[in-house]
Amino acid sequence: MTNSTTMRALIKEIRKNHNLSQVYMNFSLLFIDVKLPHVGIILGERALEAMLKALYIQENHVLVHSRTLSLDDLTQFPFKSSVVDLDDIMLIYSTKFLSHLEDHSLFDHIHKDHFIKLINRIDNTLVCLSSKVAISSSERYNSVQSGICKQ
């Protein structure tokens with residue numbers, strides 16, 4: 001591949017992952033009122049992973065397949081370059097832990113407000129990470145918080 005072809009492929013992959021992040025978070029809102037927080041948390045984790053992949057590709061100029069990098073690999077990159085802080089790293093690992101729980105009975109006890117708080121925290125992190133991705137301002141991640149109501 002030529003340099004310009006490689007660069008176009010990188011930009012396409014960055015945009016794809018960035019956009020996936022938005023889609024996952026938009027869908028996570030659907031699970032607030034249907035009492036399926038586990039699905040919403042899985043989507044939140046995927047949104048974080050997609051945004052981190054976009055950053056990884058941008059910083060390393062390397063194409064990666066969707067499941068090539070682990071979340072562990074991805075979190076090492078931003079921690080070293082101060083893209084995210086320790087609170088964000090803790091959120092990413094906590095979300096990963098919750099999304100991989102096999103016993104879903106824990107989620108029967110999660111109050112709607114706690115689920116909303118977690119989704120809001122993931123959303124805030126995505127807004128911050130999106131600002132680090134070099135795409136046009138019209139393509140930035142849009143916060144989903146306006147779509148969340150506590151009732």
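Before anything else I wrote down the burial rule: buried means under 20% relative accessible area, exposed over 50%, and partly exposed in between, with a 1.4 Å probe and protein chains only. By that rule, buried residues make up 43% of the 151 residues in the protein.

**Ground rules**

I am working with a predicted model, where local features need pLDDT of at least 70, side-chain atom pairs count only at pLDDT 80 or more, and totals for chains, interfaces and linings use all residues. Residues are numbered from 1 along each chain as its sequence is written, and side-chain values use heavy atoms, with hydrogens and water left out.

**Overall layout**

I looked up the secondary structure and found five helices and zero strands; helices (H or I, at least four residues) and strands (E, at least two) are DSSP runs, numbered from the N terminus. Along the sequence the pattern reads α-α-α-α-α.

Next I checked the surface. The protein exposes about 8600 Å², and carbon and sulfur atoms supply 56% of that area; accessible areas come from the Shrake-Rupley method with a 1.4 Å probe, and for residues only the protein chains shown count as cover.

Then I turned to contacts (heavy atoms within 4.5 Å). Among those between residues at least 6 apart in sequence, 68% join residues at least 24 apart.

**H1 against H5**

I asked for the angle between H1 and H5 and got about 165°, with the axes 11 Å apart. Axes here are lines fitted to C-alpha atoms, for helices over the stretch in contact, and angles run from 0 to 180 degrees between N-to-C directions. The two helices are therefore roughly antiparallel to each other; my scale is under 35 degrees for roughly parallel, over 145 for roughly antiparallel, 65 to 115 for roughly perpendicular, and oblique for the rest.

H1 passes H5 in a left-handed crossing, meaning that the near helix is turned anticlockwise from the far one by less than a right angle (clockwise would be right-handed). From H1, His-18, Ser-21, Met-25 and Ser-28 meet Phe-115, Ile-119, Ile-122, Asp-123, Leu-126 and Ser-130 of H5. I sorted the residues of this contact into five nonpolar, four polar and one charged. For that sorting, Ala, Val, Leu, Ile, Met, Phe, Trp, Tyr, Cys and Pro count as nonpolar, Asp, Glu, Lys and Arg as charged, and the others, Gly among them, as polar.

**Two buried residues**

I stayed with Ser-130, which lies in helix H5. Ser-130 counts as buried because its relative accessibility is 0%. Leaving out residues up to four places away in sequence, Ser-130 touches His-18, Met-51, Arg-140 and Tyr-141.

Gln-22 sits in helix H1 (residues 3–28) and is also buried, at 14% relative accessibility.

**H4 against H5**

Helix H4 (residues 86–99) packs on helix H5 (residues 112–130) at about 130°, with axes 11 Å apart. That makes H4 oblique to H5. The crossing of H4 past H5 is left-handed.

Asp-87, Asp-88, Leu-91, Thr-95 and Leu-98 in H4 meet Leu-118, Arg-121, Ile-122 and Thr-125 in H5. The tally for this contact is four nonpolar, two polar and three charged.

Asp-87 and Thr-125 are 38 residues apart in sequence and 9.6 Å apart in space, C-alpha to C-alpha.

**A backbone note**

I also flagged His-61, in the loop between helix H2 (37–60) and helix H3 (71–81). Phi of His-61 is near 50°, a positive value in a residue other than glycine.
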